[in-house]
Amino acid sequence: MNYEASYLAIGIFLVFVVFVIWLSFYLARRTRSAKGYYAAGGRIHWSVNGIAFAGDYLSAASFLGICGMIATVGYDGFLYSIGYLAGWIVALFVVAEAMKRRGKYTFTDALDSKFKSKGIQLMAAISTLIVSMFYLIPQMVGAGALVKPLLGIPRDWGVIIVGSTVIIIVATAGMVSTTYVQFLKGGLLIIFSTVLVIALFTRGMTSTPDPGGGKKFHQLKSIDATLARDGTLVLSNVSYSVPADWEKSAYWQNGFIVLWESATPCPLSSVWRVEKRSAESFLLTEALSVTELPEGTRFYNGAPKESHRFFQVGHLSEIRQDGKVVSETEPLGPMSFLSTIKNSKVVLWDKAIFKDGDIDVTIYYQKPTPGDRVMRPGLKFKVGGAPIETVNFISLMLALFFGTAALPHILIRYYTVKSPASARKSTIVAIAAIGFFYILTMFLGLGAMVNGVVDVTDSNMSAPLLARSFGSFLFSVITAIAFATVLGTVSGLIIASTGAVAHDLLDSFLGLKLTDRAQVVAGKVSAVLVGCVAIILGIVFKGMNVSFLVGWAFAVAASANLPSIIMLLFWKKTTKRGIAASIGVGIVSAVGLILLSPSMYVRYGKLASEAPFALDNPGIISIPLSFITLVVVSLLTQRSTGNQNSKVDTA
Amino acid sequence: MAEERAAKAGHTDEKSSAYKTRLGVKMFLVYCAVYFGFVVINSVKPTLMGADIGGLNLAVVYGMGLIVLALIMAMIYTNLCSKEERKHGESDREGQA
């Protein structure tokens with residue numbers, strides 16, 4: 001879809017960028033030591049660290065992805081919110097204080113605190129880099145994808161601007177500037193999402209919502225069609241006509257029909273969904289279509305993008321309040337907002353893909369759905385269907401729950417505060433801020449779903465487009481925050497990777513024994529290199545939907561890192577070889593199973609059913625496998641490391 | 001070297017840490033049970049999630065409840081931990097974070 005660039009949004013974003021760059025140079029004076037660079041000198045206040053956790057964690061995937069998913073499939077998108085938040089309980093109750101007590105700068109330090117093992121240093125650093133890269137690529141690609149429609153700047157420039165800004169943030173003052181950027185971004189995101197939700201409540205609901213941005217609500221039409229004795233199709237609306245050979249077209253075979261938008265053949269046509277009522281009678285409902293010619297030219301509803309024939313969708317076809325059908329409601333509260341949607345009927349959109357000769361056709365058609373179906377799981381995750389779907393769902397919820405507390409860029413934030421108690425308190429601030437934000441995602445997503453703002457070709461735009469329906473100011477602010485979101489998360493990932501390269505690999509594993517000053521220089525050089533790699537990856541993967549890589553990051557973190565953390569803390573027989581093997585098996589099994597999964601097979605251009613592994617989410621296999629590996633290898637290597645294991649851990 | 005480091009780590013451990021660890025594990029198991037209760041209902045009897053609860057349904061109440069419960073349990077946990085830290089005279093050091 002086409003969006004006009006907003007100069008206000010560009011202005012707000014530039015002010016933010018200039019401010020964080022100034023702040024980074026200002027703070028650079030405080031970060032001359034390695035402790036200052038990698039762990040902000042351990043001097044960050046726990047409340048600031050808590051909001052910075054939110055800024056670190058609430059990535060573009062959380063903000064744009066979850067809102068978009070709720071806007072298109074309802075409650076199933078909210079399952080991610082629940083899982084991502086629940087993961088913080090593992091962080092708080094099990095990991096926070098123990099990690100703070102054991103580590104110095106990185107997650108590898110904590111794992112290695114007892115053993116001083118090269119194997120652990122190498123494996124944990126590799127795991128950190130893999131998880132961070134999986135997380136990083138979608139953020140960089142997302143930056144490019146956002147910048148074009150929202151700021152009107154070419155894609156590659158978006159990636160370069162975001163990448164360079166982050167390099168400056170991280171290479172100047174390391175963890176100190178990263179923390180304050182994340183604090184600012186986390187705070188702004190939560191404040192303006194709250195403003196947007198309040199605006200949404202105040203507006204109430206109507207069955208003809210105004211999508212804003214100079215666009216009008218598109219009233220969807222339907223036409224009765226009857227098959228005449230001579231084999232022609234007679235329409236109830238004479239403004240449309242049926243092309244010849246309609247019955248033989250690929251559209252008809254797939255349950256659709258193309259109609260000319262005139263009583264006689266004309267250049268303008270539209271696609272309609274065909275519902276069979278009887279052998280001779282059909283109901284045609286308006287659909288949206290995207291066609292792509294072999295050379296790559298795309299048409300939206302039969303015309304180039306610039307013709308603006310494509311429209312935004314999402315509305316309630318029937319609003320029911322207190323048992324009565326109404327056309328609009330008064331302002332709503334949080335509870336009445338949810339109950340109104342639950343009792344009403346929502347028009348969702350489904351997708352059909354087929355080939356018409358050598359033209360690729362994608363059709364988005366209406367799927368009126370009762371509100372109570374939208375408000376419970378099952379539209380995306382087919383729970384209650386085939387057993388394998390249920391196992392897939394459990395596996396996903398497992399990875400979300402156990403992944404958070406094992407993400408290296410989250411764990412390093414524990415070293416920026418003074419004491420284990422501060423680590424605990426900052427986690428609680430994080431839970432409050434992130435939990436509150438995730439509750440907001442439910443309202444933002446459902447709000448987009450019923451306010452006529454959904455772009456069926458890109459659900460990630462739902463939150464910014466919802467903001468646009470409230471005017472250009474809120475749109476500009478939310479857009480600028482979406483970019484700030486990318487900056488905050490990418491900074492955290494780059495500093496985590498920097499720690500893995502400069503501290504874990506160069507200093508610890510290779511035993512270079514760098515001086516304090518040299519560690520800072522190594523960190524800054526690594527930040528520039530990792531940043532450049534991030535920019536290149538962002539450009540290489542451009543245009544690809546790579547948001548699934550965030551899921552990989554969680555699966556690898558939960559499989560490779562968490563078993564080691566838990567067992568190190570709670571099982572006195574854990575050995576260094578056990579930990580190293582468990583991390584290795586976790587990485588290999590999680591990545592391997594993902595590569596053999598049905599959704600990857602579809603990406604290879606094969607059939608999902610050909611995939612050797614039936615699940616899309618490997619956690620249910622790879623997490624236990626990593627635990628078992630740790631136990632077996634530890635038991636087999638008791639003698640060689642027995643001396644080091646004699647002390648029972650109390651934390 | 002390893003012993004030296006372990007001894008150092010032991011020195012910086014607060015006296016309250018054994019208590020905090022036990023409490024953390026117990027509260028983690030409680031939350032785990034509630035979380036996986038949600039996952040199990042969705043897996044075994046998903047239609048139950050549509051059950052009406054005060055105008056909303058079980059899916060919304062349970063889902064939002066999991067988020068709110070996380071915060072409530074986090075507050076209880078930190079209050080109990082702080083109490084234990086004060087008992088061992090560790091509160092001043094923590095308070096100045």
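How many helices and strands does chain A have? Chain A has 22 helices and 10 strands, where helices (H or I, at least four residues) and strands (E, at least two) are DSSP runs numbered from the N terminus.

This is a predicted model, in which local features need pLDDT of at least 70, side-chain atom pairs count only at pLDDT 80 or more, and totals for chains, interfaces and linings use all residues. Residues are numbered from 1 along each chain as its sequence is written, while chains are lettered from A and ligands numbered from 1 in the order in which they are written.

The C-alpha atoms of chain A fill a box of roughly 90 × 55 × 50 Å along the principal axes. Of the 651 residues, 58% count as buried, that is, with 20 or more other C-beta atoms within 10 Å of their own, the C-beta atoms being placed from the backbone.

Chain A is divided into two domains, with bounds from an automatic or database domain assignment.

| Domain of chain A | Residues |
|---|---|
| domain 1 | 7-205 + 383-645 |
| domain 2 | 222-374 |

Their centres, taken over C-alpha atoms, are 39 Å apart. Across the boundary, 21 residues of domain 1 are in contact with 22 residues of domain 2, contact meaning C-beta atoms, placed from the backbone, within 7 Å. On the domain 1 side, helix H4 (60-73), helix H8 (155-203) and helix H14 (420-450) of chain A each give two or more residues. The largest share, 5 residues, comes from H14(A).

Note on methods
Contact = placed C-beta atoms within 7 Å. Buried ≥ 20, exposed ≤ 12 C-beta atoms within 10 Å, placed from the backbone.
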